[in-house]
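Here is a short note for someone opening this entry for the first time. Please read the points with the structure in view.

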Amino acid sequence: MRPGVLIFWLLAVPMVACALLVITSRNPLRSALFLVAHMLLLAGMFLSLSAQYVAAVQVVVYAGAIMVLFVFVIMLLNLGGAQKMDAAGLGWALGIAMSLGLAALFVGTGVWKSGLHAGKATAKTLAQGGTAQAVGFALFDPELPWLFPFEVASIVLLMAAVGAIVLAKRKL
Amino acid sequence: MIGLPYYLVVGSILFGIGAFGTVTRRNAIAVLLSVELMLNAANLNFLAFWRFLTPAAMEPHLFVLIGLTVAAAEAAIGLAIVLNVYREYGTVNLDQIAELRG
Amino acid sequence: MNAPLQDLAIAPIVWAIPGLPLIGFVLIMFWGGGLVRTLGDARGRRVVGTLATAVVLLSFVISVFVLLELLRLEPEQRRAVASLVPLMDRMPWIEVGPVSVQFLALVDPLSVLMCLIVTGVGGLIHLYATGYMSHDRDYPRFFAYFNLFIFAMLVLCLGESLLLMFVGWEGVGLCSYLLISFWFDDEENAKAGNKAFIVNRVGDVGFMLGILASLAVFGTLSFHTADGRGILDLAARGETLSGPLTVATASLISALLFLGACGKSAQFPLHIWLPDAMAGPTPVSALIHAATMVTAGVVMVTRMSVLFAQAPVVLLVVAAVGLFTALFAATIALTQTDIKKVLAYSTVSQLGFMFLGCGAGAFGAAMFHVTTHAFFKALLFLGAGSVIHGLSGEQDMRRMGGLGRYMKVTYWTMLIGWAAISGFPGLAGYWSKDAILAFASGIPSIGMFMYAVGAFTAFVTGFYMTRLMAKTFWSAPRLPEDAHHPHESPPSMLLPLIILAALSVVGGLIGTPWGNAFERFLEPVLPGADMLHVHEAIPHGVGLALGALIAIAAMAAGAAAYRRAPSAELLPATVKATQPIYRAAANLWYADAAANAVFVQGGGRFAGFVARWIDKGFVDGLVNAVGVVTAFLAEIARGGQSGYVRFYAKTMIAGALIVLAYALIQAGMR
Amino acid sequence: MGAPTQAIRDLSGILPILVLWGVALVILLGAPLLRRGPGSRLAAPLGGAGALGALLVLLRGSSDGFGDTLFAGAALTDTLYSSGAFVLLLGGFLSVLVAQTYLRSRDLEKPEYYAIMLLSLSGALLMMQANDLIVLFLGLELMSFGLYVLAGFARTDAKSDEAALKYFLLGALASALMLYGIMLTYGVAASTELSNVQSAVARGALKEPMGIAAALLLVIGLCFKIAAVPFHQWSPDVYEGAPTSATAFLATTAKIGAIVAFLRVCDTIAGGYHTWLPAIRAIAILSMIVGNLIAIAQTNVKRMLAYSGVAHAGYLLVAVACMGFRLMGTKGTQASILAMTGAVFYLLAYALALIGAFGVLAYLSSRDKDAQTLNDLRGLASSQPAVGYAMVLFMLSLAGIPATAGFIGKWQVFYAVLTGGDVALAVTMALTSAMGVYYYLRVVWYIVFEESAAPKPSPTGHGVEARPRAMTGVGAAITICCIATIGLGILPAAISSFLTVVR
């Protein structure tokens with residue numbers, strides 16, 4: 001087996017396993033921690049796709065900041081203990097059928113896709129592609145349309161901050 | 001050789017798992033975590049498309065960054081709402097938060 | 001049919017015909033209540049009532065001027081458009097794509113005739129209502145709605161396009177709803193309102209679809225345009241927007257429109273709302289549910305007669321539905337004990353006659369009957385209202401009787417109405433009913449059958465009206481002990497009765513078979529002889545003689561049959577008044593016996609059966625079932641709204657899955 | 001032309017958005033001053049000024065540089081955007097007026113409410129201006145976040161919290177589906193810019209399974225926002241639970257923003273109509289039937305309006321379906337353009353009637369009583385005639401009775417779909433709108449015929465309740481909605497210069 005293949009499987013299998021554990025753990029805290037593990041593995045997968053910068057952001061922002069927030073809230077609400085098992089029976093069966101169906105449909109569309117030619121990427125583009133520099137240039141290039149959405153994203157964060165404070169702060 | 005379809009399949013599976021979580025979990029926070037899984041699935045596929053289809057274009061990276069921003073904002077607002085609900089209902093069990101119906 | 005549009009000198013004030021009632025509505029709606037408060041109750045009410053009546057009568061005066069102006073033109077040139085907005089030539093309303101609808105009135109014989117009826121009879125009923133409603137606490141609101149109704153009805157009649165007609169159509173429906181419900185307090189009446197609503201929806205959908213179909217076929221909604229590309233222009237030439245007008249297309253559109261007409265004009269099986277609508281105040285019944293709104297279907301069919309003329313099958317259906325409804329409702333009228341219900345079924349029956357006329361291709365005769373019916377049915381309703389008013393709200397005929405003594409004017413005018421509707425020779429109903437029956441006899445192959453059934457229905461009509469008169473006026477007084485002393489109504493209520501009675505006597509003379517001024521007046525809006533061959537299979541003389549005979553026989557038979565019910569000596573004053581008729585009835589003893597056998601025993605049972613099982617049981621049940629089933633489905637569907645987020649999420653994912661799977665499979669199969 | 005000019009052009013193209021952002025920031029920065037004391041009276045006027053200012057900027061800045069893309073293709077300006085934005089900002093302004101009174105009477109007022117409203121409006125504007133699916137997604141999220149917060153704004157009201165939670169969780173799920181769809185779009189088109197997507201569709205992208213899935217996921221995401229069956233179940237619960245002023249705002253904003261975006265997206269992928277048109281038609285028909293059906297069983301006016309909103313989503317989807325006819329000959333092209341204009345007019349009529357109706361509910365609410373049910377409207381015509389008949393008018397407009405704006409809107413959509421030759425949709429629309437009149441008239445019934453539950457006003461005409469609070473805001477909103485509903489019903493041409501979509 002070539003190393004690329006090996007790395008893929010080494011990342012993919014635990015990642016999916018973590019995802020499964022996220023949704024099956026009775027304890028929300030455990031779910032959140034499995035999600036952190038999942039995120040880290042995902043960042044590894046980003047790296048294997050040569051997206052270095054995004055991988056770093058994934059670790060710092062997602063696995064770091066966002067998940068800490070989750071854990072914090074779970075602890076705050078004292079939901080750490082194991083909880084009653086979620087619905088079993090018909091609800092589960094339906095859920096499994098639906099999500100399997102959905103996944104199967106998307107798997108189908110993915111595998112079906114004609115002209116999935118790998119290898120357009122040269123070693124050079126890959127080496128430079130995902131760096132912070134390359135992303136930064138693309139982001140701030142006035143010839144490309146990405147500057148504007150990036151600025152809008154800041155407004156989205158502002159909205160989130162204001163909204164969260166308005167909702168959560170006891171006395172304003 | 002690991003090609004694009006492999007990644008797409010992994011993404012689809014993650015998406016399915018997330019969907020399963022949203023329709024079965026009772027805990028509001030767990031549902032939120034499941035949605036994060038679904039968003040991650042989309043992010044993974046974005047980068048896979050970049051790697052195998054359009055290595056010269058940088059969009060997918062930016063999309064992932066934007067997706068991340070949205071996920072962060074979503075988490076903040078979602079958790080604030082969950083906090084408020086917890087204050088009023090004393091629980092985050094969705095089955096007990098069903099006064100509005102009909 | 002294809003005359004160009006003329007310029008009328010009077011066009012700049014045509015807007016005032018519907019405009020004045022609208023102004024009246026606005027004034028009363030916004031200031032009526034305040035007026036009553038500031039001027040004091042009695043004076044305020046008088047001002048409001050006078051204002052409401054005055055605007056309608058003023059509209060009538062303007063309509064007369066428009067008529068005179070129209071009469072100065074050659075018959076085939078009597079078609080003009082006029083703006084419905086003051087000081088503006090043509091104001092656009094809806095402009096979507098190439099279709100433009102403007103606020104225009106079509107001034108032609110049909111619309112002017114309807115304006116005269118609506119404002120004339122409507123004005124009289126307004127006057128009547130000032131007396132009838134004088135004790136009602138919502139006096140200003142009643143007149144506001146009343147004026148709004150007149151406005152909507154005039155828009156319906158005058159509208160230059162199908163869409164404007166639809167505006168009026170929905171408007172009168174809304175006003176009818178508001179006015180039927182005017183006195184609603186209890187559950188039962190609420191249910192009646194629902195029924196009226198459901199049934200009218202069916203009709204309105206038909207009309208709406210008819211409008212959409214004509215838009216698709218003719219590419220316009222105007223009846224006539226300056227360049228001769230209006231719906232009726234094209235239809236008269238047998239054209240459509242693209243290619244010739246086929247029978248199938250004409251049939252589709254006219255069938256849909258007829259469905260609409262059935263709803264509004266209470267034709268079987270959509271008739272059931274009308275008797276229930278009698279819960280409203282009596283002036284409302286007279287104005288909306290007898291004289292004007294319910295004839296809107298006939299007006300619409302006549303307006304579109306050029307199209308109907310090219311759909312022979314639909315015409316036959318129209319005739320059949322009309323005839324069946326006429327007979328069916330007449331038999332039910334025999335069994336009712338509520339005086340207003342009798343008149344309601346009688347209205348349904350008379351509307352059936354009108355549609356029979358339309359179906360026979362005799363649109364002119366149908367409109368003639370609309371006109372005369374407006375006179376005598378309004379008269380009968382107002383008379384009934386006067387009786388009810390005099391008895392302080394009693395409507396059950398079993399608790400009436402011998403009232404002629406107390407209310408002489410009411411009695412005599414009702415007597416004229418009775419003679420007119422029964423078709424007593426020379427009176428209004430005689431001429432119009434005879435014209436319809438004569439043309440019905442000319443329907444190919446089944447004409448004589450239709451004539452026979454129609455004549456029989458006319459006989460039943462005379463019989464049940466006699467019954468009404470007998471129970472109300474001729475029989476012994478059967479008032480409850482504790483009832484108020486019956487009293488005659490105030491002059492404001494009697495004056496309209498007298499005028500309408502006069503019209504019921506002479507109103508038919510404009511349309512006698514020998515000098516039919518009425519039909520000649522309407523001719524320009526009707527399909528020409530080349531398009532639709534209409535004839536009378538029965539000679540004038542025979543038809544008129546038969547009609548007279550049937551009417552007199554029915555009245556006599558009725559009088560004879562009901563003479564037995566009360567003890568004769570208890571009818572001193574009234575019997576004298578009807579002495580000639582009673583004598584005639586006595587001489588026709590065989591008619592007495594036959595009538596007794598056919599109607600009072602056998603027929604009575606049959607009529608009871610019809611009323612109980614077919615009308616109340618089946619049709620009514622069907623409509624109620626629609627309501628119940630809808631509510632049931634709604635409850636089931638709402639059960640899906642369980643309140644559980646997980647369930648909602650499942651629905652969403654399932655929906656997404658179905659949508660995706662369907663699209664992918666469909667694509668795979670291609 | 002140098003770069004600075006281009007930057008100025010870009011910025012002037014999004015000037016309404018910038019105004020909204022600017023005023024929102026002013027409110028947020030001045031929040032300490034606006035929160036209590038004399039400054040608290042200024043928060044609502046500032047919010048109103050923001051919406052109105054954006055509206056004025058939009059009207060003034062029209063025509064120049066139209067049809068351009070901005071920011072190197074991220075956004076664009078065209079008549080669909082400008083007419084949609086007109087409706088949106090007008091609705092936003094009216095919602096501020098409603099909120100001013102309602103929040104005060106229920107003791108909920110905080111300056112942040114208005115800032116969030118304005119930011120949310122900017123998100124909806126962004127959806128309309130988006131020339132790239134990612135920008136569309138960002139706009140959608142910006143709008144939705146604001147709506148989630150507003151739905152839960154009454155923090156101590158359990159129902160409000162529940163509404164926010166439901167809206168949020170299901171909305172997040174819908175967003176995830178939509179993002180996945182955008183991702184798949186990138187997979188088939190190698191770009192998310194609409195023009196590239198369009199040419200990819202022309203090359204046959206919608207023949208691939210992945211393309212089909214992408215298109216339908218976009219459709220599903222937008223269907224959630226407009227509350228179309230089966231993605232509608234959030235709406236009754238959220239409408240009922242959210243504070244009335246927030247309901248008015250979220251009901252109109254989400255629908256306007258999402259429908260305009262929907263029109264644009266479907267217009268873009270019109271080349272592959274055979275894949276998505278059946279789905280849209282099915283969803284439209286289902287929405288019309290289910291919405292109208294369940295609304296009949298409601299006694300809570302807010303819930304009833306939610307289901308009626310589902311039905312209206314169905315009618316609007318009929319217009320969206322017309323986008324699929326664009327490439328079917330000249331008739332089809334005509335139909336698609338008519339449908340755009342018709343849909344925008346429909347949205348205007350809908351927004352006016354809906355904000356008016358919620359305004360009436362807000363008007364009737366006080367500190368200890370939140371007017372929501374039919375019983376609260378009992379006998380309104382006699383106790384408070386002006387408000388009562390205003391509500392009657394709004395119901396008639398929603399029902400599509402002629403001579404109201406609602407009729408004109410419905411008629412335009414009718415005509416468009418008929419031009420496109422889709423008789424089934426037209427007939428369903430006619431049948432279901434006839435059915436829908438039932439429950440609107442039931443409201444009329446309660447207002448006009450039922451006896452008032454409250455003690456009757458004394459015969460002198462002065463009611464027993466003399467409420468001291470200022471009704472300026474909501475009174476003005478109801479008045480404007482009334483006048484516009486009647487005015488547009490009689491003279492729709494008056495507004496056509498703002499609302500006609502040209503291509």
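What percentage of the 102 residues of chain B count as buried? The figure is 77%. A residue is buried if 20 or more other C-beta atoms lie within 10 Å of its own, exposed if 12 or fewer, and partly exposed in between, with C-beta atoms placed from the backbone.

1. Ground rules. This is a predicted model, where local features need pLDDT of at least 70 and side-chain atom pairs count only at pLDDT 80 or more, while totals for chains, interfaces and linings use all residues. Residues are numbered from 1 along each chain as its sequence is written, and chains are lettered from A and ligands numbered from 1 in the order in which they are written.

2. Chain B, fold. Chain B has three helices and zero strands. Its pattern along the sequence is α-α-α. Helices (H or I, at least four residues) and strands (E, at least two) are DSSP runs, numbered from the N terminus.

3. Chain B, dimensions. The C-alpha trace spans about 50 × 25 × 25 Å along its principal axes. The radius of gyration of chain B is 17 Å, whereas a compact globule of 102 residues would have one near 13 Å. That radius is taken over C-alpha atoms, and the globule rule is 2.2 Å times the number of residues to the power 0.38.

4. Chains C and D. Here 46 residues of chain C are in contact with 49 residues of chain D. Contact requires C-beta atoms, placed from the backbone, within 7 Å. Elements of chain C that each supply at least two residues to this side include S2 (92-96), H5 (162-180) and H24 (589-639). H25(C) gives the most, with 13 residues. By class, the side of chain C has 32 nonpolar, seven polar and seven charged residues. Nonpolar covers Ala, Val, Leu, Ile, Met, Phe, Trp, Tyr, Cys and Pro; charged covers Asp, Glu, Lys and Arg; the others, Gly among them, are polar.

5. Strands in chain C. S1 (residues 80-83) and S4 run antiparallel, joined by four bridges. Strands pair if DSSP finds at least two bridges between them. Ala82(C) stands opposite Ala105(C). S4 (residues 104-107) is covered on both faces: Leu104(C) and Leu106(C) are buried on one side, Ala105(C) and Val107(C) on the other.

6. Helices in chain D. The axes of H12 (residues 244-268) and H15 (residues 329-364) come within 9 Å and cross at roughly 175°. H12(D) and H15(D) are therefore roughly antiparallel (angles over 145 degrees). Their contact has 14 nonpolar, six polar and two charged residues.

Conventions: Two residues are in contact if their C-beta atoms, placed from the backbone, lie within 7 Å. Axes are lines fitted to C-alpha atoms, for helices over the stretch in contact, and angles run from 0 to 180 degrees between N-to-C directions. Angles under 35 degrees count as roughly parallel, over 145 as roughly antiparallel, 65 to 115 as roughly perpendicular and the rest as oblique.
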